[in-house]
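Please walk me through this structure in plain terms.

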Amino acid sequence: MADQFDLECRDVVKKFGQFTAVDQVSLTIPQGSFFSILGPSGCGKTTLLRMLAGFIEPTAGDILIKGKSVLGVAPNRRPVNMVFQHLALFPMMNVAQNVAYGLRRRGVGRATIDKKVAETLARVGLPDSGQKQISQLSGGQKQRIAIARCLVLEPAVLLLDEPLGALDLKLREHMKVELKQLQHEIGTTFVYITHDQSEALVMSDQVAVMNAGRFEQVGTPQELYYQPDTPFVAGFVGESNRWQGTFETVADGKAIIRLDSGGVIYTDPTQVTNPDLVAGQRMDVFVRPEAITIAAKGQGPVATSGLNAMQGRVENLLFNGAASSVQLRETTTGHEMNVALPQTGAFAGLRNGDELDLSWSAGQTKCFPNTKPAQADASGEAVA
Amino acid sequence: MKNASGSVAGGGLKLGVLLMATPLLLWLLLLVILPHLDLLMVSLRERISYGKYAFSFTNYIEFFTEPLYWNTYVRTATMSILATALTLVIGFPISYYIAKVMRGRGKSVLFLMCLIPFWVSELVRTFGWMILLRESGVISHFLQWAGLVDGPVEMLYNDVTIMVGLVYTSMLFMVVPLVSVLDSLDDSLIEAGYDLGGNAFTVTRDIVIPHAMPGIASGCIVVFMLTLGNYLTPNLLGGKSSLWFTEQIYTQFITRFNWESGSAFGFLLLVLSSLIVWLGLKLSRQTLSDTVG
Amino acid sequence: MIPSIPQSRYAKGIYGAYVTLFFVYLAAPLVVVGVFAFNDSLFPSMPWEGATLAWFFGDTAPYIGIFHDSALLRSIGTSAFVAVWVTLLSVTVGTCNAFLFERARFPGKNLLYMLAISPLVIPGVILGISILVFSNAIANGVEEAIGWDLDFLRPGLFLVIIGQFAFITTITTLVISARLRKFDITLEEAALNLGASRADAIRTITIPYLKPALIGAAIVSFLMSFENFNTTLMLVGSDAPLTIAMFDRLKQGSTPALNALSLLLMVVSGGLALISVFAQRDRSSK
């Protein structure tokens with residue numbers, strides 16, 4: 001039932017000369033959802049978005065909007081509208097003229113335009129700002145006008161190209177919530193691209209994590225966070241402690257991985273995406289900082305096959321209210337770790353140099369077969 | 001990837017570019033390139049009889065053998081260089097004052113006051129100087145009234161007057177680039193210079209002038225070029241004694257109707273102007289497009 | 001040096017005096033030209049004989065005011081005619097050039113750009129004679145070959161317009177390019193995205209954005225053409241534009257009518273200059 005999807009991409013490829021910017025991307029976005037494409041800069045997400053808007057033609061593959069292919073359709077004839085990275089509000093026009101621009105291009109009558117502009121401005125919460133100049137608006141208001149300018153055209157899909165990037169931190173936090181609410185109220189499909197994982201996780205119904213031109217994983221924010229499919233997703237979404245090691249064997253329903261830095265870690269073998277593990281397989285191991293339980297030295301549990309236990313020495317306290325954490329150095333191997341502090345204030349008296357017992361269950365340990373050489377991926381040593 | 005927008009136009013691009021380039025190509029070819037080539041051709045021929053010409057260097061040989069032409073040429077070049085230097089020396093402190101000492105409204109007003117006189121025709125400005133400096137002029141009367149001189153003083157028709165007029169007429173083209181380049185100098189660089197033990201002289205020499213170099217180069221080039229090619233100011237303020245090279249060109253073309261030698265003179269002036277502009281650019285390590293753009 | 005660095009009052013005083021003196025130097029010739037327009041004397045020179053408006057409105061000899069001086073009035077008309085044509089041509093071609101240099105990519109662009117700015121470093125007299133020589137060569141060639149007498153290629157208003165256009169176009173190109181360079185191309189993309197065709201986007205977004213530069217370029221072209229002397233001098237025929245007519249009068253010795261005319265020119269060009277300065281001031285940037 002293709003026409004249930006507002007937007008569909010089938011094996012879309014874009015090459016610039018030898019460089020493949022977008023590689024075999026397929027996606028389907030159901031009507032009315034908030035879909036984010038999350039990836040580091042240069043991963044191809046802007047290229048993908050510009051292909052959806054029609055500014056770039058794909059080298060191969062097909063793009064369908066409301067079930068109809070839009071290949072070869074000029075950007076001004078596609079039923080998608082875009083909120084640009086720097087908004088691209090027309091500085092020589094006032095707010096009402098900006099919002100009316102698309103309707104005027106369609107040759108809509110004056111009275112209808114005035115009515116629709118007023119309605120749309122009210123919908124984005126700026127009912128009386130029609131006569132204002134763009135330069136008189138605050139950052140958040142500009143944002144809303146840029147969205148209003150698109151919404152008034154009732155697009156099938158609204159594309160947003162990192163529109164929060166230019167805002168300061170506080171406003172960005174605020175706009176995240178506001179955008180999600182707005183999308184919920186109006187029910188238009190949003191396709192949002194960003195490199196900021198928190199924007200993607202907070203706002204989206206579905207997130208596609210993109211890396212080097214490919215989709216690594218598409219899923220709900222919860223799926224990405226708790227069940228990452230690939231080492232890239234595990235490292236890019238949320239924070240993780242990371243080790244590299246070698247698969248040894250399965251014992252008692254738990255996989256044992258010998259770490260390069262010494263010691264072993266137990267993981268649940270179902271966590272390993274590759275079912276046919278062989279001894280000697282290189283592995284990447286990820287553990288979320290908040291999955292680790294801390295206890296005073298000597299009071300933590302002893303390691304069993306279902307439970308990982310380590311000792312660490314406090315190197316740095318990173319106090320940040322509810323998001324406080326502590327940087328530790330594992331006593332036996334010297335591996336750096338990052339552990340979240342419980343929010344109860346139980347460890348408020350912690351000092352640098354204190355020693356702690358650390359533990360987490362095998363089920364909290366994600367691991368992935370690593371096909372690359374041991375030293376290649378040193379980027380996110382302890383905390384991604 | 002951001003710049004891939006050019007691809008939107010697709011196949012229409014080539015034709016569009018060609019269409020847009022047509023006026024540019026016609027303008028450059030018909031009004032700049034071909035006329036100057038033709039000028040060179042005409043300067044390299046000699047009239048044998050009516051309507052009959054032969055290739056020859058006669059016009060150039062005449063220029064180098066006739067001391068009047070040669071001297072006028074050298075004199076025009078030296079006076080132009082001097083006028084350029086004077087304009088720079090007089091204009092720099094003014095530009096600095098506008099760009100760095102003045103603040104806010106006063107600054108824009110002062111800058112505008114600098115600009116406005118130059119929107120007025122050069123003819124009117126020169127006329128003003130004639131009223132001021134002639135024998136029956138304002139300054140002569142003032143000096144007599146003050147008892148400094150006994151009779152009327154004629155201050156027109158000498159080299160100093162020409163220089164005053166040339167500097168006056170060129171000032172705008174020095175002040176505008178200097179103000180804009182000095183405006184872009186961060187105050188904190190000057191403060192840092194003082195903080196590290198500099199004084200007015202060393203800070204000006206080591207920080208302000210190196211920063212202003214592009215503006216200085218562009219100001220000097222334009223001023224020199226305009227002065228060298230000036231006709232009005234030397235002619236009106238210098239009278240018969242002005243001996244300006246453009247007057248020679250005018251005489252050859254209009255009075256004597258000797259286009260061959262006039263073309264040669266024109267070409268020699270063009271070579272001189274290009275040569276000194278080129279030298280100025282080399283010395284200040286600028287390019288022409290930076291300088292005017 | 002700068003206000004934040006303390007300086008002796010002595011040095012400040014000298015600097016201030018120098019700047020004042022400079023502005024006196026700037027203003028003096030213009031002020032005397034203006035003042036002597038009202039002198040009730042046959043010559044624009046001392047002594048001061050009392051004030052009159054005869055040099056503006058007088059209609060009896062020898063007090064022929066400029067509004068009754070048909071030769072001067074005709075030359076103003078001629079200059080305006082030339083200036084309007086030069087403005088139209090050079091702003092149109094300048095806009096084309098700006099789009100070409102800022103938007104298109106093609107081989108030889110840098111060379112063309114250098115050529116396009118070269119008229120700025122060609123002395124006006126030489127530009128004048130080269131166009132004179134070239135157009136004359138064409139006219140002679142045509143006459144010899146097919147017997148047509150192309151009169152417009154002989155010294156006259158057509159050549160004056162062409163000659164002024166040749167270098168004023170460089171200036172309009174630079175002014176309009178500078179503005180176009182600052183244009184954010186995503187504004188055009190946004191217009192396309194909102195349903196505008198390419199021509200619509202340029203008409204409704206790009207051209208309005210360029211408007212200050214277009215107005216500024218038009219004013220500059222008009223004034224430069226109106227006041228041009230060097231190039232015009234070489235190309236002029238029997239219809240003398242204002243600068244040439246005034247120059248001839250100055251050489252012969254003039255009445256204060258010339259001052260009156262100069263004063264009017266100052267007022268008009270000063271006003272136009274102010275308009276162009278304010279038109280080019282970008283309101284949206286703060």
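**From one residue to the interface**

B:Gln144 is partly exposed, because its relative accessible area is 27% (buried means under 20%, exposed over 50%, partly exposed in between, with a 1.4 Å probe and protein chains only). The model is predicted: local features need pLDDT of at least 70, side-chain atom pairs count only at pLDDT 80 or more, and totals for chains, interfaces and linings use all residues. Residues are numbered from 1 along each chain as its sequence is written, chains are lettered from A and ligands numbered from 1 in the order in which they are written, and side-chain values use heavy atoms, with hydrogens and water left out.

B:Gln144 belongs to helix 6 (residues 138–145) of chain B; helices are DSSP runs (H or I, at least four residues) numbered from the N terminus. Leaving aside residues up to four places away in sequence, B:Gln144 touches B:Val149, B:Asp150, B:Gly151 and B:Pro152, where contact means heavy atoms within 4.5 Å.

Next comes the interface of chain C and chain B. The contact takes 91 residues from chain B and 89 residues from chain C. Together the two chains bury about 7,900 Å², 81% of it on carbon and sulfur atoms; buried area is the accessible area (1.4 Å probe) that two parts lose on being put together, summed over both. Helix 1 (residues 9–35) of chain C gives the largest share of the side of chain C that touches chain B, 12 residues. Across this interface the rule finds 0 salt bridges (a side-chain nitrogen of Lys or Arg within 4 Å of a carboxyl oxygen of Asp or Glu).

Technical notes:
Helix = DSSP H or I, 4+ residues; strand = E, 2+ residues; numbered from the N terminus.
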